[in-house]
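Colleague: Please show me the model, then take my questions on it.

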Amino acid sequence: MGDNKGEVEGANNFYDIQHRKYDVRKGLFAMNLQIVCAGIGGRGVLLASTIIIETAIKAGLKAMASDEYGMSQRGGSVVSLVKVGNFASPLVGRESANILLSFEESEFYRNLPFLKTGGVTLVNTSRQLLSANIERLLKKRRVQYFLLDADAIAMQKGMIQSSNMAMLGFFSAFDITPFSCDNIKETIRQKVKARLVEKNLEVFQAGYESAQSFQLSADSKNQ
Amino acid sequence: MREVMIGNFAIARGLVEAGLELAAAYPGTPSSEILPGIIEFKNREKLAIHAEWSTNERCALEVAFGGALAGRKAACMMKQVGLNVAFPPLLHGYAQPLKGGLVIVSCDDPGPQSSQTEQDTRLLAAHFGIPVFDPASPGEAGDIAYYAMKYSCEHKVPVIVRSTHRVSHARESIELFVPGSRKVKLDEGLKLKGKGRIGIVTSGMTCSITMDILDELNLGDKISLYKVSRVFPLGTEVIGFVNQQEKTLVLEETDVTLEALLDHGFKVLGRRSGHVPSAGELTYDIVRDIICRFANDHGISVPEFNADTSIEDALKEIQIAPRPPKLCAGCSHRASFYAMKSAFPDAVFPGDIGCYTLGISMGAVDTCLDMGGGVTFASGFYDTFAQDGTLKPILASVGDSTFFHACLTPLYDSVLKKRRFVLVIMDNSTTAMTGLQPTPQSGISADGTSTYSIKIENIIKGFGIEFLRIVDPYDIPLLLRTIKEAYEYLETESAGPAVIIARRECLLFSKIREEDTRDMARLVAECTGCKICIKTFDCPGSYFDEEKKKICIDEGLCIRCGMCYYACPTSDEGKSLKELKKVRNEKKRREGREDSKK
Ligand code: SF4
Ligand code: SF4
């Protein structure tokens, strides 16, 4: 299906994450971004999506989220659909999301149909590799994917419940305007309980830094 | 000032800004957050608003009605099936001129996602001539709540605001005004003017989705779009719109309401013409398909969306863990159901509405109709079996909030009729399913202040029920014995219903006490790999490791309540339970022999 009208040319291809940024100066509506945050109850999915929309709103963008958490307290799936830009509804269609943030590996597979061709996905998993079939699929759909052991990062910092922060840290390394490292940090300071802020920021920073090394290893793999 | 909030809070804000004075609600997804929102804004603005959790929706509506008749600005909130409970006062009362204002917020559940049925509040409202509004976003929901209160005061009639889960649970930035100063103009009318002669009439979140899709498909200048906010009474302008079009497609949730009100024969397409599925949520993908077909059928060519099925092909090899909703790890309901099922595996198990409906997966809930249905179904089953001259074990389960909501009437009815069934009241001291609202037993009001506590056992005693036991469900052997004792009681001449209160706090509400925890190492050490506990108990706190061929404890979830020991046939606890079961089986066999002798 065609790309969203009004989107910056080529900007939904994240192949060059470091250099191609959304150019928000072109006006409020230049940036139409659809993000799916998926996980299970207790993984902080809703907090993560709150931080994303609040960051966008602070930057003067229109942002909305639609949450599905029917039985999440009982271990069920949690999906938060986020749309930033000139949209009327917060709902996302099949193969329409630019970004899929999977806070849990199984939810990555379950929500993969949301991701558009050329999209980006970040998966919280202890795996180093995805299965050959999935890898082939992602390649065919020109999906850029990153596997991050966010649980391990959070555990290392003694904050088992904060893997969502490591995910956000990594996401901020994509540097999609306005979701820069600094902007997201600022929102975390406002949205996270005061006594947990510093610890959460530590996990966030660790996630951000692991993105840097990831970039290198990804590059060297390509060579 | 602006603030990001969910639709339900936006509704609360709109009502508070409109001068709300009295609010009553019964919790139910997706409406439960509105009353807490009202309390939040009341506290922030230091206003004197009476806000309460009512015992059920009918109480909520009547309390609000009373307030409105007496000149207050009142509101009540509930979910769509809750409106059924409030039906009698709605039907008899809507024609009474109000001195104040009355806004009824009813949240629909297209899908349905957390209800027994879909249901369209707008249909009911239109049918009985009650004005009804259908907001398309959280922001508009706030505006409409405000507008509806003014509308009600002006016209002296009750007004319904219909939300859906996609509006109630969506979040966006909402502007906050000083109470009384919001300016609202109904956002209704022609939104897109297309060159062609086809149009769409739509309302609610479906309207927002439709706008996004017309944008995505570049159809904004080809198909006209008319947005409706007040579904009843429907404005005349929209009729003019339909008259101008060759064909009009109606997109709405959840039933045929706008479509029926427009009623232009073959000119209007929708559910009745088969262009829109007759049930289920109108998701983004479904609406996109409908619009593609509609456009292509009328000479506007758009590429159909073809799903890339290679995604599903590649996912085939992946075992995506199914995540059926489950009772929490260590939930006392699981223990209760296990005892019930162990005591009488072949019993009939009428169930009710709450977390404990999940007992279905343990085979300890057979029916789930509506609030209170646990007791009334038990009654119907008993009467049926009694007619046939048999006393079949009937083990009904209801929760504590449900008990107060709808079980009192059917229960004393059953006392009068001497119906012999066992009623297990699963009392976890809260309304857990919808977010831990207090029950009449909690001794807490909606705003956290303390009040009387009505004890369930006092009601049971007051009804004259002879068999009443209060048991901690964590004591599975005791609960099992008690259930059997109850059944023995039912076999005596003068019996009526037997009631067991299985009492232990919800784990979302209070942590397990240290002295109640067990060492779980023995379970793993002695495990023979039979998987029986997985089949019969299925606590998320443990899982079966296929490589080690052993049960494993999920340290993150397990609360070490030790209940699963009873489900394991190799453990001492499991064996002791087996002994208990055997006693009964022997007794049954003996009886069987006596029966055949007769
Ligand atoms: S029932 Fe007992 S032996 Fe069987 S799998 Fe469970 S723990 Fe192991
Ligand atoms: S001890 Fe057993 S029943 Fe209790 S939470 Fe842990 S796994 Fe579940």
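The questions below concern the chain interface and the ligand.

Modeller: This is a predicted model, where local features need pLDDT of at least 70, side-chain atom pairs count only at pLDDT 80 or more, and totals for chains, interfaces and linings use all residues. Residues are numbered from 1 along each chain as its sequence is written, chains are lettered from A and ligands numbered from 1 in the order in which they are written, and side-chain values use heavy atoms, with hydrogens and water left out.

Colleague: What area is buried between chain A and chain B?

Modeller: Contact means heavy atoms within 4.5 Å. By that rule, 48 residues of chain A touch 44 residues of chain B. Buried area is the accessible area (1.4 Å probe) lost by the two parts on being put together, summed over both. Carbon and sulfur atoms give 55% of a total of about 4,100 Å².

Colleague: How many salt bridges cross the interface of chain A and chain B?

Modeller: The rule asks for a side-chain nitrogen of Lys or Arg within 4 Å of a carboxyl oxygen of Asp or Glu. Arg166(B) and Glu68(A) form a salt bridge, with their closest N and O atoms 2.7 Å apart. Across the interface, the count is six.

Colleague: Which residues are the closest to ligand 1?

Modeller: Near means a heavy atom within 4 Å. Ligand 1 is surrounded by 13 residues. The closest are Cys527(B), Cys530(B), Lys531(B), Cys533(B) and Cys568(B).
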